[in-house]
Amino acid sequence: MTSHFLPGQTGLVILVPEVEPLVGHWRRHFEPAAALGVGAHVTVLFPFAPLNAVDRRAIADLERVFADVAPFELSLTGFARFPDGALYLEPEPSERVRGLTERVARRWPEFPPYGGAFAEIIPHRTVSGGVEAEIEKAIEAAVTPTLPIVSQVDAVHLMTF
C-alpha cells in the first residue's frame with residue numbers, strides 16, 4: 001500500500017480516540033495515516049497548507065474560523081464503502097463535520113477538500129482500504145456490536161506529516 005502523505009504536509013482532523021481500541025489493529029495494517037502515528041480521526045480537510053505556510057497568522061485564522069463553533073457529540077453509527085472499496089465508519093451528524101470542512105475551504109479555497117479529487121464531501125473514519133472481503137467482514141463483525149461509538153468534539157487539530 002502506498003502512502004498519500006508527503007513530508008511537510010498538514011491536515012485538519014477531529015480526533016476520535018474512543019474508536020482506536022476497536023479499529024486500531026486494522027488501521028495499523030491497512031491505513032497509511034496510522035502507520036505515520038496519526039490517531040483515529042475524522043478528517044476535516046486534507047490536504048491543508050504546506051507546513052512551511054502554517055505560521056502564526058494561519059493559526060490565528062484557523063482559530064477565527066472555528067471560534068463560534070459549539071462543541072458537539074459525534075457518533076460513529078455504522079459502516080459504508082466508497083466506490084473504490086474502502087470501508088469506513090459513518091459519523092453523525094455528518095452535516096456538522098461537513099460544515100467544518102466548508103468553513104475552512106471558504107477561507108482557503110486554494111486547498112479544496114481531498115485536493116479537489118472528489119466533488120462531494122463525505123465525512124468518514126476510514127477503517128481499511130480495499131482489503132480482502134473476509135478481513136472486512138471480520139472488522140464489521142467485531143466492531144458492529146460496539147456501535148454507536150460516541151465522542152465529544154471540542155477541537156479541530158492541525159496534524160503535520
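Q: Where is Ser 75 placed, and which residues is it in contact with?

A: Ser 75 has its place in strand S3. Leaving aside neighbours within four places in sequence, Ser 75 is in contact with Glu 90, Pro 91 and Glu 92, and also with Pro 148, Ile 149 and Val 150.

Q: What sheet do S3 and the other strands form?

A: Strand S3 is part of an open sheet of 4 strands, in the order S5-S4-S3-S6, and the pairing is antiparallel. The edge strands are S5 (125-128) and S6 (149-153), each of which pairs on one side only, and from one strand to the next the twist averages 30 degrees.

Q: What do strands pair through, in general?

A: Strands of a sheet pair through backbone hydrogen bonds, and the pairing can be either parallel or antiparallel.

Q: OK, how many bridges join S3 to S6?

A: There are 5 bridges joining S3 to S6, and these two strands run antiparallel; within this part of the sheet, Glu 73 stands opposite Gln 152 in S6.

Q: And how many bridges are there between S4 and S5?

A: Strand S4, which covers residues 87-92, pairs with S5 over 3 bridges, in the antiparallel sense, and Leu 87 stands opposite Ser 128 in S5.

Q: Changing topic: what about Leu 158, where is its place?

A: Leu 158 has its place in strand S7, residues 157-160, and Leu 158 counts as partly exposed, because its relative accessibility is 30%.

Q: Which residues does Leu 158 touch?

A: Not counting residues up to four places away in sequence, Leu 158 touches Thr 10, Gly 11, Leu 12, Phe 48, Val 54 and Ile 59. Although Leu 158 and Leu 12 are 146 residues apart along the chain, their C-alpha atoms are separated by 4.7 Å.

Q: Zooming out, how many helices and strands does the chain have?

A: The chain has 5 helices and 7 strands. Its radius of gyration is 15 Å, close to the 15 Å that the globule rule gives for 161 residues, so the chain is as compact as a globular protein of that length.

Q: How much of the chain is buried?

A: Buried residues make up 45% of the 161 residues, and the accessible surface of the chain comes to about 8600 Å², with 56% of it belonging to carbon and sulfur atoms.

Q: Last one, what is the mean pLDDT of the chain, and which elements have the lowest and highest values?

A: The mean pLDDT of the chain is 89, and 95% of the residues reach 70 or more. Over residues 1-5 the pLDDT is below 50, and where pLDDT is low, the predicted coordinates should not be read in detail.

Note on methods: Residues numbered from 1 in each chain as written. Predicted model: local features only at pLDDT ≥ 70, side-chain atom pairs only at ≥ 80, totals over all residues. Heavy atoms only, no water. Pairing = 2+ DSSP bridges. Axes fitted to C-alpha atoms, helices over the stretch in contact; angles between N-to-C directions. pLDDT = per-residue confidence, 0-100. Contact = heavy atoms within 4.5 Å. Rg over C-alpha atoms; globule rule 2.2 N^0.38 Å. Buried < 20%, exposed > 50% of the residue type's maximum accessible area, 1.4 Å probe, protein only. Areas by Shrake-Rupley, 256 points an atom, 1.4 Å probe, with all protein chains shown as cover.
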